[in-house]
Amino acid sequence: MFKYLFAMIIPVCIFIYTLSFMRWAGRKSGAVASVSAGALAVISLVVSGATLWRVLT
C-alpha cells in the first residue's frame with residue numbers, strides 16, 4: 001500500500017496543476033475550457049490510480 005501511495009505522488013501533482021490550469025482557463029476562455037480541463041484532470045487521476053493499483057497490488 002505504501003508503494004501505491006508513493007507512486008501516486010506524480011499523478012496527484014499533475015492533477016493539482018491541471019486544476020490550476022482549469023481556473024486560469026475559466027477566467028480567460030470561458031466555461032467550456034474550464035469544464036474540459038476539469039474533466040481531463042479527473043479522468044487522468046482515475047486512470048493513473050487504477051493502472052498503478054493493478055500494477056502494484
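The model is predicted: local features need pLDDT of at least 70, side-chain atom pairs count only at pLDDT 80 or more, and totals for chains, interfaces and linings use all residues. Residues are numbered from 1 along each chain as its sequence is written, and side-chain values use heavy atoms, without hydrogens and water.

**Figure 1. The nonpolar patch around Ile 10.** Ile 10 is placed in helix H2. Together with Phe 2, Phe 6, Ile 9 and Ile 14, Ile 10 forms a nonpolar surface patch with about 590 Å² of accessible area. Helices H1 and H2 (9-28) are the elements that give two or more residues to the patch, and H2 has the largest share, with three residues. Nonpolar side chains (Val, Leu, Ile, Met, Phe, Trp, Tyr) are joined within 5 Å, and like charges within 9 Å. Areas follow the Shrake-Rupley method with a 1.4 Å probe; for residues, only the protein chains shown count as cover.

**Figure 2. The aromatic pair of Tyr 4 and Trp 53.** The whole structure contains two aromatic pairs. In the pair of Tyr 4 and Trp 53, the ring centres are 5.1 Å apart and the planes stand at 90 degrees, an edge-to-face arrangement. Because Tyr 4 lies in helix H1 (residues 2-7) and Trp 53 in helix H3 (residues 31-56), the pair ties together parts that are 49 residues apart in sequence. Tyr 4 is buried, with a relative accessible area of 15%, whereas Trp 53 is partly exposed at 40% relative accessibility. Rings of Phe, Tyr and Trp (its six-membered ring) pair if their centres lie within 6.5 Å; planes under 30 degrees apart are stacked, over 60 edge-to-face and the rest tilted.

Figure 3. Residues 6-25 are 95% helix and 0% strand, with end C-alpha atoms 30 Å apart. Residues 37-56 are 100% helix and 0% strand, and their end C-alpha atoms are 28 Å apart. The chain has three helices and zero strands, taken as DSSP runs (H or I, at least four residues, for helices; E, at least two, for strands).

Notes. Buried means under 20% relative accessible area, exposed over 50%, partly exposed in between (1.4 Å probe, protein chains only). Patches are made of residues with over 30% relative accessible area and no salt bridge: like charges are joined within 9 Å, nonpolar side chains (Val, Leu, Ile, Met, Phe, Trp, Tyr) within 5 Å. A salt bridge is a side-chain nitrogen of Lys or Arg within 4 Å of a carboxyl oxygen of Asp or Glu.
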